[in-house]
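Visitor: I am new to this structure and would like a close look at a single part of it. Please take the charged side chains that pair up, and then the rings.

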Amino acid sequence: VETPESLASEIKALIVEVLALEDLEPDEIETEAPLFVEGLGLDSIDALELAMALEERFGVSIGDDPDLNQRIFASVQSLAAFVQDQRAGGRESA
Amino acid sequence: VIPFSRLLVEARADADRVAFGREGPRDVRDLRTDVASLAALLLPFQGGRLLLHCEDAYAFAVGLLAAGQVGARAVLPPSRQPGALRDLAREVDAALLDGEREAEPIEGRPCWHPLEAPRAEHPLAALDRDAPLVELFTSGTTGAGRPVAKAVRHLEDEVTCLEERFGVLLGREARILATPSTQHLYGLLFRVVWPLAAGRPFLRSSLLHPEELLPWLEERHPFALATTPIPLRHLAEKEVLASHSESCRGIFSSGGPLPAAVARRVAAAVGAPPWEVYGSTETGGVALRQQIHGGEPWQPLAEVEADRDEQTGCLGVTSPWVSEGEARPGGARRLVLGDLVDLDPAGGFALLGRADRVVKIGEKRLSLPVMEERLRSHPAVDDVVLVALEQAGEARVGAVVTATRAGRALLEGGGRRALAKTLTEYLSPDFDRVLLPRAWRVVETLPRDSQDKTPAARLRALFSAGSAAARLPEVLARRRKGDTLFLSLRVPEDLAYLEGHFPSFPVVAGVVQVQFAMQGLAELIGAPPRLSSLEALKFRELLGPGQAVQLQVRLDADQSRFEFTLSDPERPARVFSSGRGTLERPS
């Protein structure tokens, strides 16, 4: 069973790998810190790449609500919560 | 079709839809009321300059048209970066912003939300075709980007031409879904001005993810999509377009080169490849093409004349909506762009690349010399060359830096990352986030060829070692002979500074040299070595940045004992360090 911490670590590793962030270890990304602009400083190209990678890795799908997407992509913590929610939902409907 | 200048005075049904979206639908009656109310508020700024930036394309349209009503021009900041906004605010009379705007005035200028003007009457008039209406900024790179003014007629003539070309194809009822920002000419025309003039409803919201288009596609209403290559690639890869091919009237892509593979994928999904639009801020739309095989020639729009400039070999463009360059009879102008061109006898042309050092990142243009100059003004930077890299399939900027004394002090304190962070923060008020360098290399001297140019291929090679380069030496060659591994290594310039103990004389610390040996051991074992003891460590010669090193590691057959030597490949007797040790038994 995946713990929230291990899921967060996996997402951090994915961010560093997919976005080719240099001089940064996954552990150094703060779980609650903002990913875009302040905080990690990701940009709009990163947002698309990260969305694709999350869909591929975790089988989740990004929704169509801009406000919700902004909340989901706020931090590693919110991304992890989103992945977990979708997985839980997926199992119920399967 | 109503000429854009007469939009608010021609008879149109009050209930005709103008815009739609999560913010709610708006019709012609709303548009007239909102423009009149805002125009009444803006009367004191007649003939002035108004900063305009909105996420909501309808609010933007109201701001633009109200500015036109009072004979003011809308100054469109290329981005919402605080630095860019502040600098521009000093040069305007008032600001029109929506969303998370600061409630208080910027730089002492009053600031309003275009849709929050108190209800008021104002007689609506046709716009003067020759009056300047907008001021855009070229390249979208710096806060100090060059302004380009457009008169009403420049916008009107171009969208009239587009409507004559595409009006029948799109039909009156198609809704316009557009992703580019209204702050640049492509978004301004395709998202707002053309739909307004043609009477097609446009989507209000600015979208971050192409998925956010889906609810509007799901409504199965006929639509046309205007977007840029990156979101289009994502839409094509996700295969969402195929299920909406019935309602798709056309797809437009501009702002950067579209890979032919993406064009083919879109064609397979909706039955026709996207219409690619080539143009620039100064010239507006120049040419169109649809790619299937790839590299199909560009076909100039009606009223556009394309030529090859004799002196530069670059594309010359003449049309009624070119707003800069030499004046031609009838209000047209001719401007020579920075793209090398090859004309074909059939009237089309092929683009052969940029003549200067301007690159496109996302849909933003970046003049590398402009950012280099900015970086050189930082006390940590002695010299710098920027190069376009490809990372995860997208263009990104890499920076190769030589450091000043202050820069070396930064590197010693916090390594390359500290330097990168300092310089990124230094650039960020003036450059869009996507343009900021993503990878940094610090070198002793910039690689230069015989003409004193910095060859892009050699610069790129500095980045090819990947993200681990900061901590590990570059491996140039490897050879194994029995129980011994020979690695030809090169010490990266930034590594030495990072670990160096003497500020004026950077050296690779002994502990780092041992790490090199551990890297060799890891290759021999096929796993990270677990060190039990180290003996007979000797550091003889100082190892400096840029130095080529031969690492020799021998491991006993039972994988318990090892020895290593780091030496100069040119003079094997010159040994930097050597030692031996024992490993823990694999558990």
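Guide: A residue is called buried under 20% relative accessible area, exposed over 50%, and partly exposed in between. B:Arg22 has a relative accessible area of 43%, so B:Arg22 is partly exposed. The model is a predicted one.

B:Arg22 forms a salt bridge with A:Asp67, and the closest N and O atoms of the two are 2.7 Å apart. This pair crosses between chains: A:Asp67 belongs to helix α3 (residues 66-72) of chain A, while B:Arg22 is in the loop between β1 (17-20) and β2 (26-27) of chain B. A:Asp67 is also partly exposed, at 37% relative accessibility.

Within chain B, B:Asp27 forms a salt bridge with B:Arg29, with 3.7 Å between the closest N and O atoms. B:Asp27 has a relative accessible area of 15% and is therefore buried, whereas B:Arg29, at 44%, counts as partly exposed.

Another salt bridge joins B:Arg49 to B:Glu135, whose closest N and O atoms are 2.4 Å apart. This pair links distant parts of the chain, since B:Arg49 is in strand β3 (residues 49-53) and B:Glu135 in strand β7 (residues 132-137) of chain B, 86 residues apart. B:Arg49 is partly exposed at 22%; B:Glu135 is buried at 6%.

Salt bridges also form a network, which links B:Asp307, B:Asp309, B:Glu326, B:Arg328 and B:Arg334. Over all chains, the whole structure has 50 salt bridges.

Charged side chains also meet rings. B:Arg374 lies over the face of B:Tyr426, 4.7 Å from the ring centre, and B:Arg479 lies over the face of B:Phe486, at 4.3 Å from the ring centre.

B:Phe166 is in helix α4 (residues 152-170) and B:Trp194 in helix α5 (residues 185-198) of chain B, so the pair ties together parts that are 28 residues apart in sequence. Both B:Phe166 and B:Trp194 are buried.

B:Tyr278 and B:Phe349 form an edge-to-face pair, 6.0 Å centre to centre with 70° between the planes. B:Tyr278 lies in strand β13 (residues 275-280) and B:Phe349 in strand β20 (residues 349-354) of chain B, so this pair ties together parts 71 residues apart in sequence. B:Tyr278 and B:Phe349 are buried.

Ring pairs also link B:Phe166 and B:Trp194 with B:Tyr186, B:Phe190, B:Phe252 and B:Trp275 into a cluster.

Key: Residues numbered from 1 in each chain as written. Chains lettered and ligands numbered in written order. Predicted model: local features only at pLDDT ≥ 70, side-chain atom pairs only at ≥ 80, totals over all residues. Heavy atoms only, no water. Helix = DSSP H or I, 4+ residues; strand = E, 2+ residues; numbered from the N terminus. Buried < 20%, exposed > 50% of the residue type's maximum accessible area, 1.4 Å probe, protein only. Phe/Tyr/Trp six-rings, centres within 6.5 Å; stacked < 30°, edge-to-face > 60°. Lys NZ or Arg CZ within 6 Å of the ring centre and 35° of its normal. Salt bridge = Lys/Arg side-chain N within 4 Å of Asp/Glu carboxyl O.
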